[in-house]
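Subject: Structure handover

Hello,

Here is the structure I said I would pass on. My notes on it follow below.

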Amino acid sequence: MDARNDMLRLLNGRRQGFSLEQPFYTDPDYFKLDMELIWYRDWLFIGHDCELPKPGSYITAQIGDYPVVLVRDQQGKINAFHNSCRHRGSRVCNSDKGTAAKLVCPYHQWTYELDGRLLFARQMADSFDKSQFGLKPV
(Lines give C-alpha, C1' and ligand atoms only; values in the text may rest on other atoms or scores of the structure.)
Protein backbone atom coordinates (compact mmCIF):
# COMPACT_ATOMS: atom_id res chain seq x y z
CA MET A 1 0.00 0.00 0.00
CA ASP A 2 1.36 3.45 -0.78
CA ALA A 3 2.08 5.83 2.10
CA ARG A 4 -0.45 8.47 1.07
CA ASN A 5 -3.39 6.05 1.03
CA ASP A 6 -2.17 4.43 4.24
CA MET A 7 -1.90 7.84 5.89
CA LEU A 8 -5.43 8.82 4.80
CA ARG A 9 -6.81 5.50 6.04
CA LEU A 10 -5.23 6.03 9.46
CA LEU A 11 -6.42 9.63 9.65
CA ASN A 12 -9.98 8.70 8.73
CA GLY A 13 -10.00 5.91 11.33
CA ARG A 14 -8.39 7.97 14.09
CA ARG A 15 -10.12 7.86 17.47
CA GLN A 16 -11.05 11.30 18.76
CA GLY A 17 -8.94 12.31 21.77
CA PHE A 18 -6.13 9.84 21.01
CA SER A 19 -2.72 10.50 19.51
CA LEU A 20 -1.83 9.64 15.95
CA GLU A 21 -0.64 6.15 15.06
CA GLN A 22 3.09 5.38 15.29
CA PRO A 23 3.90 5.79 11.55
CA PHE A 24 3.09 9.52 11.79
CA TYR A 25 6.09 9.88 14.10
CA THR A 26 8.52 7.32 12.73
CA ASP A 27 7.87 6.48 9.06
CA PRO A 28 10.22 8.29 6.62
CA ASP A 29 7.56 8.11 3.87
CA TYR A 30 5.05 9.88 6.14
CA PHE A 31 7.65 12.51 6.92
CA LYS A 32 8.32 13.04 3.21
CA LEU A 33 4.59 13.43 2.53
CA ASP A 34 4.24 15.85 5.43
CA MET A 35 7.04 18.01 4.05
CA GLU A 36 5.72 17.93 0.47
CA LEU A 37 2.05 18.45 1.29
CA ILE A 38 2.42 21.03 4.05
CA TRP A 39 5.83 22.60 4.63
CA TYR A 40 7.13 23.00 1.06
CA ARG A 41 3.86 24.42 -0.31
CA ASP A 42 3.48 27.73 1.45
CA TRP A 43 5.29 30.58 3.14
CA LEU A 44 7.02 29.81 6.42
CA PHE A 45 7.89 32.30 9.13
CA ILE A 46 11.62 32.03 9.74
CA GLY A 47 12.30 35.36 11.38
CA HIS A 48 11.27 38.98 11.67
CA ASP A 49 12.88 41.67 9.55
CA CYS A 50 14.23 43.35 12.71
CA GLU A 51 16.52 40.31 13.08
CA LEU A 52 18.29 41.54 9.92
CA PRO A 53 19.02 45.14 10.98
CA LYS A 54 21.73 46.07 8.44
CA PRO A 55 23.23 44.96 5.14
CA GLY A 56 25.00 41.63 5.55
CA SER A 57 22.87 40.49 8.48
CA TYR A 58 21.73 36.91 7.96
CA ILE A 59 19.83 34.09 9.62
CA THR A 60 19.81 30.45 8.61
CA ALA A 61 17.18 27.74 8.88
CA GLN A 62 16.75 24.11 7.95
CA ILE A 63 13.47 23.43 6.11
CA GLY A 64 13.25 19.66 5.75
CA ASP A 65 16.17 18.65 3.56
CA TYR A 66 16.95 22.23 2.54
CA PRO A 67 19.31 24.63 4.31
CA VAL A 68 18.17 28.22 3.76
CA VAL A 69 19.79 31.60 4.42
CA LEU A 70 17.97 34.94 4.65
CA VAL A 71 20.20 37.97 4.16
CA ARG A 72 19.71 41.73 3.89
CA ASP A 73 21.49 43.17 0.84
CA GLN A 74 23.11 46.59 0.35
CA GLN A 75 19.81 48.10 -0.87
CA GLY A 76 17.98 46.89 2.27
CA LYS A 77 16.11 44.08 0.53
CA ILE A 78 15.82 40.73 2.32
CA ASN A 79 16.71 37.79 0.10
CA ALA A 80 16.21 34.07 0.74
CA PHE A 81 18.58 31.55 -0.86
CA HIS A 82 19.42 27.90 -0.64
CA ASN A 83 22.38 27.93 1.75
CA SER A 84 24.41 25.77 -0.59
CA CYS A 85 27.43 26.76 -2.68
CA ARG A 86 26.92 26.21 -6.39
CA HIS A 87 30.41 24.69 -6.68
CA ARG A 88 30.47 21.67 -4.34
CA GLY A 89 27.29 22.12 -2.31
CA SER A 90 28.94 23.16 0.94
CA ARG A 91 26.92 25.37 3.28
CA VAL A 92 27.86 28.98 2.73
CA CYS A 93 26.72 30.29 6.14
CA ASN A 94 27.38 27.87 9.00
CA SER A 95 26.16 29.99 11.94
CA ASP A 96 22.51 30.36 12.95
CA LYS A 97 22.88 34.11 12.48
CA GLY A 98 25.56 36.68 11.87
CA THR A 99 26.81 39.48 9.66
CA ALA A 100 29.01 39.26 6.58
CA ALA A 101 30.21 41.76 3.97
CA LYS A 102 29.98 38.98 1.35
CA LEU A 103 28.81 35.37 1.52
CA VAL A 104 31.92 33.20 1.19
CA CYS A 105 31.86 29.43 0.92
CA PRO A 106 34.33 27.97 3.43
CA TYR A 107 35.28 25.12 1.06
CA HIS A 108 36.80 26.83 -2.02
CA GLN A 109 35.99 30.46 -1.19
CA TRP A 110 33.42 31.02 -3.91
CA THR A 111 32.22 34.50 -3.04
CA TYR A 112 28.65 35.74 -3.43
CA GLU A 113 27.22 39.24 -3.21
CA LEU A 114 24.43 39.74 -0.67
CA ASP A 115 21.95 39.66 -3.56
CA GLY A 116 23.13 36.14 -4.48
CA ARG A 117 25.31 36.99 -7.49
CA LEU A 118 28.54 35.03 -7.79
CA LEU A 119 31.46 37.47 -7.59
CA PHE A 120 34.51 35.21 -7.41
CA ALA A 121 35.24 31.60 -8.35
CA ARG A 122 38.92 30.75 -8.49
CA GLN A 123 40.57 28.38 -10.96
CA MET A 124 37.61 28.23 -13.34
CA ALA A 125 37.99 28.16 -17.12
CA ASP A 126 38.01 31.44 -19.06
CA SER A 127 34.67 30.43 -20.57
CA PHE A 128 33.06 30.08 -17.12
CA ASP A 129 30.05 32.40 -16.90
CA LYS A 130 29.70 33.58 -13.27
CA SER A 131 26.28 35.03 -14.01
CA GLN A 132 24.90 31.49 -14.31
CA PHE A 133 26.07 30.31 -10.87
CA GLY A 134 24.58 32.65 -8.30
CA LEU A 135 22.89 31.32 -5.18
CA LYS A 136 19.53 29.73 -5.92
CA PRO A 137 16.63 31.81 -4.57
CA VAL A 138 13.96 30.29 -2.36
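R9 and D6 both sit in helix α1, which covers residues 3-12, and they are three residues apart, about one turn of the helix. An α-helix has 3.6 residues a turn, so residues three or four places apart point the same way. The side chains of R9 and D6 form a salt bridge, with 2.5 Å from N to O. R9 counts as partly exposed because its relative accessibility is 48%, while D6 is buried, with a relative accessible area of 18%. Please keep in mind that this is a predicted model.

How many salt bridges does the structure hold? There are three. E113 is buried, at 12% relative accessibility, and K102 is partly exposed, at 34%. R117 and D115 also meet through their side chains in a salt bridge, here with 2.8 Å from N to O. R117 has a relative accessible area of 46% and so is partly exposed; D115 is partly exposed as well, with 29%.

Next, helix α3. This helix spans residues 28-39, and W39 is part of it. Y30, L33 and M35 are buried in α3. The buried residues of this helix pack against α1, α2 (23-26) and β1 (57-63). W39 is partly exposed, with a relative accessibility of 40%. Together with I38, Y40, L44 and Y66, W39 makes a nonpolar surface patch of about 460 Å².

On the cysteines: a disulfide is a covalent bond between the sulfur atoms of two cysteines. The structure holds zero disulfides. C50 is in none, and the nearest cysteine sulfur to it, that of C93, is 19 Å away. C50 is exposed, with a relative accessible area of 58%. C105 counts as buried because its relative accessibility is 2%.

Last, the backbone. Most residues other than glycine have a negative phi. Q109 has a positive phi, near 60 degrees, and is not a glycine. Q109 is located in the loop between β5 and β6 and is partly exposed, with a relative accessible area of 31%. Q123 also has a positive phi, near 55 degrees, in a residue other than glycine. Q123 belongs to the segment after β7 and is exposed, with a relative accessible area of 79%.

Regards

Key. Residues are numbered from 1 along each chain as its sequence is written. This is a predicted model: local features need pLDDT of at least 70, side-chain atom pairs count only at pLDDT 80 or more; totals for chains, interfaces and linings use all residues. Side-chain values use heavy atoms; hydrogens and water are left out. Patches are made of residues with over 30% relative accessible area and no salt bridge: like charges are joined within 9 Å, nonpolar side chains (Val, Leu, Ile, Met, Phe, Trp, Tyr) within 5 Å. Accessible areas come from the Shrake-Rupley method with a 1.4 Å probe; for residues, only the protein chains shown count as cover. A salt bridge is a side-chain nitrogen of Lys or Arg within 4 Å of a carboxyl oxygen of Asp or Glu. Helices (H or I, at least four residues) and strands (E, at least two) are DSSP runs, numbered from the N terminus. Buried means under 20% relative accessible area, exposed over 50%, partly exposed in between (1.4 Å probe, protein chains only). Contact means heavy atoms within 4.5 Å. A disulfide is a pair of cysteine sulfur atoms within 2.5 Å.
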